[in-house]
Protein chains: 2
Amino acid sequence: MATWKWLKGGLSAPKGFLASGVKAGVKYENKYDVALIYSEQPAQAAGVFTRNRVKAHPLLLTRQQLSNGVAQAVVMNSGNANSCVGEAGDRAALAMVRQTAQELGVPPEDVLVASTGVIGVEMPMERIAGGIHAAAQEILMMSSAGAHEESAHRAALAIMTTDTLVKEFACELPCADGVIRVAGIAKGSGMIHPNMGTLLGFVTTDADIPAEELRRLLSESVEDSFNMVTVDGDTSTNDMVVALANGASGIRPDGEVWPEFAAMFKALCVKLAQEIARDGEGASKFLSVHVHGAKSKEDARKIAKSVCGSSLVKTAFFGEDANWGRILCAAGYAGADFDPDQTDIFLGSVQVAASGQGLAFSEEEAAKILAHKEISVFLRLHEGDAVATAWGCDLTHEYVTINGSYRT
Amino acid sequence: MATWKWLKGGLSAPKGFLASGVKAGVKYENKYDVALIYSEQPAQAAGVFTRNRVKAHPLLLTRQQLSNGVAQAVVMNSGNANSCVGEAGDRAALAMVRQTAQELGVPPEDVLVASTGVIGVEMPMERIAGGIHAAAQEILMMSSAGAHEESAHRAALAIMTTDTLVKEFACELPCADGVIRVAGIAKGSGMIHPNMGTLLGFVTTDADIPAEELRRLLSESVEDSFNMVTVDGDTSTNDMVVALANGASGIRPDGEVWPEFAAMFKALCVKLAQEIARDGEGASKFLSVHVHGAKSKEDARKIAKSVCGSSLVKTAFFGEDANWGRILCAAGYAGADFDPDQTDIFLGSVQVAASGQGLAFSEEEAAKILAHKEISVFLRLHEGDAVATAWGCDLTHEYVTINGSYRT
């Protein structure tokens with residue numbers, strides 16, 4: 001069987017999906033800020049949500065809308081999180097859903113809604129309404145046969161906040177009866193942490209999958225991708241990843257196709273998650289922390305995330321300082337079960353510690369590795385065979401500047 | 001009964017304690033880096049230690065030395081943490097203890113040892129030995145009758161690393177039969193977090209208290225003081241707070257004296273902890289986060305620490321931005337049980353949110369409060385009557401600069 005491959009394109013790469021993004025003036029700059037995703041037929045749908053006790057109004061509505069496992073459209077905006085504004089927030093989220101349903105001619109219960117941006121400020125509903133109308137018009141004018149990459153690309157732009165990179169990927173798996181495609185977009189750059197940061201992710205696929213199976217696949221994929229990204233340790237009120245499977249390919253990825261399809265789906269999530277880490281607010285370096293030989297997957301994850309999220313490790317990498325003591329120290333307070341006196345640490349290919357003790361490594365070699373934009377850290381625990389990888393970025397002056405003046 | 005009051009002076013304020021600090025060249029600069037505390041008679045002793053799984057060599061030895069609840073001297077150094085260096089580290093810690101015992105003429109099992117500084121580098125034992133000798137000589141030459149504030153002050157200087165403020169306090173409680181004194185020094189500025197950051201604290205008292213009671217008092221006091229400080233969320237391998245009670249006042253603080261004595265002891269710990277937060281690496285503002293009306297003490301603590309430790313809250317205060325949404329958001333992921341829709345938030349005297357929603361507060365009033373060097377945040381939960389306070393600082397460019405180049 002053929003293996004899957006990356007494709008050019010975004011959310012509309014899978015059959016039967018269209019997406020659009022417009023400038024509605026929610027952000028004060030002249031930027032894309034309202035977007036729609038539309039499936040020509042009702043899709044099986046699943047979501048994963050923030051574990052923050054404070055949950056944004058659109059998130060609560062979307063979770064409720066997903067209870068029947070079906071959705072046909074998603075309305076999204078950036079510039080305002082629609083969070084912590086009381087009943088006005090519930091009304092705003094519902095109004096967005098109702099208008100989208102009406103404009104696209106789909107049942108209101110099949111529309112999902114997501115917002116990102118500043119917390120605690122009421123939504124500018126007039127602008128939002130104008131945006132939804134324009135975005136829906138754009139979708140209604142498209143022929144379903146054409147390629148709509150540019151329009152879908154604007155949807156990816158419209159969910160960005162302090163992001164500097166568009167996060168948009170697509171891939172396909174050739175099968176005996178045709179091809180299955182999966183595509184996704186994501187946003188997130190500050191407030192990113194395990195258990196979902198300020199992170200929105202939307203995945204479309206034309207595979208034919210029941211909602212329950214999609215939900216399991218999405219959860220597993222999120223555990224090893226979005227939940228392994230840490231930028232600043234803050235978990236937001238708005239985070240969600242939603243997947244829609246409309247079956248338009250006519251192919252059900254079961255039997256021997258399933259492992260390959262699941263691998264592709266997860267790879268797409270990992271790619272989006274890595275891009276979020278790479279685009280961490282103010283980041284100058286992309287960090288991957290690989291933990292090998294842990295007693296359990298949970299231990300491996302805890303250690304990888306703890307090292308990747310440590311302010312001291314992050315500033316050391318910013319300063320290109322081979323300070324492995326901070327790495328071991330961050331592993332030590334991860335709450336995982338391991339023996340520090342057995343731990344080996346590598347910066348890229350240079351082993352800097354063996355059995356918990358520093359080695360007389362070449363500072364010159366280490367400096368070369370630390371000068372790269374992408375740095376890998378390996379911890380070998382010798383406790384078992386569980387592995388995990390977390391992604392993050394360094395902590396820079398730029399992070400402080402961005403977050404010292406976000407609201408104003 | 002008279003109430004307790006603050007005193008000028010340091011570790012030698014309580015009767016029968018002497019302390020000294022010298023420049024031994026462990027730090028490359030011309031700075032104090034080796035210190036001793038000495039009690040003229042064996043003291044009851046207790047300690048609280050880091051919960052990091054990686055534990056520094058001196059910490060392991062001190063914990064063992066404290067098993068009999070008696071100590072008479074403490075040897076301390078900065079510039080090198082004596083952590084993660086294998087058996088050489090155990091040997092170095094033991095050598096420091098043995099030399100101190102010999103120089104001061106006390107049993108080796110009654111000497112404690114603590115180190116702070118860079119992790120993973122072997123101790124420069126020749127310099128350390130010279131330092132211990134000089135510090136012991138200084139103590140041996142003192143008459144026990146005199147006031148030895150200056151010498152004790154040098155001990156406070158010798159445990160500083162990136163600290164910019166000396167943390168040294170003393171207080172006394174007049175009793176019917178005389179006076180009980182308590183004094184303490186601490187260090188800590190980066191890598192500070194709940195469950196003990198890179199934090200050393202030493203408390204002396206001339207009260208007559210059995211070790212077991214001292215241990216309980218110290219633990220309770222640490223919970224509400226050192227453990228409520230957060231600078232950057234990293235918990236170090238070396239943290240410890242040690243208390244010595246030598247009984248030289250001849251007064252046993254029991255009966256009605258106990259509550260007043262315990263309050264004084266805790267106030268001293270709180271004062272030291274606050275100074276650590278105030279002196280957080282690169283800090284430009286001191287933050288106090290007060291949580292009222294929580295269901296349990298544990299919930300109140302979790303929320304206070306989560307808000308105080310959030311990178312987004314810390315950068316917002318650096319930027320003097322009244323971004324209360326980040327405060328509620330950080331409370332939301334604290335893992336505590338509360339209803340965000342009931343939560344009121346105040347910045348100083350200005351209420352910025354009521355029942356989880358933003359108020360149309362005066363930005364001008366808020367700006368005035370945020371311009372201060374000391375900022376208080378209040379969260380009122382309306383869930384119960386538990387309270388807690390956490391202390392921290394803002395996250396600044398200076399923090400990034402300091403920690404980007406600590407090792408070099």
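Predicted model: local features only at pLDDT ≥ 70, side-chain atom pairs only at ≥ 80, totals over all residues.
In chain A, the domain assignment gives domain 1, residues 5–278, and domain 2, residues 286–403. The C-alpha centres of these two domains of chain A lie 32 Å apart, and the contact between them takes 13 residues from domain 1 and 14 residues from domain 2. On the side of domain 1 of chain A that touches domain 2, the elements giving two or more residues are β9 (229–230) and α6 (257–278), and the largest share, four residues, comes from α6(A). Sorted by class, that side of domain 1 of chain A has six nonpolar, six polar and one charged residues.

Strand β9(A), which belongs to the side of domain 1 that touches domain 2, also takes part in an open sheet of seven strands in chain A, whose order is β9-β16-β11-β15-β12-β13-β14 and whose pairing is mixed. At the edges of this sheet stand β9 and β14 (357–358) of chain A, each of which pairs on one side only. The partner of β9(A) is β16 (residues 386–393) of chain A, and the two run in the parallel sense over two bridges; within this pair, V229(A) stands opposite W391(A) of β16(A). In general, strands of a sheet pair through backbone hydrogen bonds, either parallel or antiparallel.

Helix α10 (residues 363–370) of chain A packs on the sheet, where it touches β12 (344–347), β13 (350–354) and β15 (374–380) of chain A. The direction of α10(A) makes about 115 degrees with that of β13(A).

Another helix of chain A, α9 (residues 324–332), has nine of its nine residues buried, so it is largely enclosed by the rest of the structure. Among the buried residues of α9(A) are W324(A), R326(A), I327(A), L328(A) and C329(A).

Two loop residues of chain A deserve a look at the backbone. Most residues other than glycine have a negative phi. E320(A), however, has a positive phi, near 55 degrees, and is not a glycine; its place is in the loop between α8 (311–318) and α9 of chain A. E320(A) counts as buried because it has 21 C-beta neighbours inside 10 Å, where the cut-off for burial is 20 or more. H382(A) likewise has a positive phi, of about 60 degrees, although it is not a glycine, and it lies in the loop between β15 and β16 of chain A. With 13 C-beta neighbours inside 10 Å, H382(A) counts as partly exposed.

The largest nonpolar core has 274 residues, and of these L36(A) and L36(B) touch the most other members. Leaving aside residues up to four places away in sequence, L36(B) touches A19(B), S20(B), A73(B), V74(B), V75(B), T100(B), A135(B), A136(B) and I139(B).

In chain B, strand β14 (residues 374–380) has pairings of both senses to follow. With strand β10 (residues 286–294) of chain B, β14(B) pairs in the parallel sense over seven bridges, and V377(B) in β14(B) is the bridge partner of V289(B). With strand β11 (residues 344–347) of chain B, β14(B) pairs in the antiparallel sense over four bridges, and here F346(B) stands opposite F378(B) of β14(B).

Methods: Residues numbered from 1 in each chain as written. Chains lettered and ligands numbered in written order. Domains from an automatic or database assignment. Contact = placed C-beta atoms within 7 Å. Nonpolar A, V, L, I, M, F, W, Y, C, P; charged D, E, K, R; others polar. Core = buried A, V, L, I, M, F, W, Y, C linked by C-beta atoms within 7 Å. Buried ≥ 20, exposed ≤ 12 C-beta atoms within 10 Å, placed from the backbone. Pairing = 2+ DSSP bridges. Axes fitted to C-alpha atoms, helices over the stretch in contact; angles between N-to-C directions.
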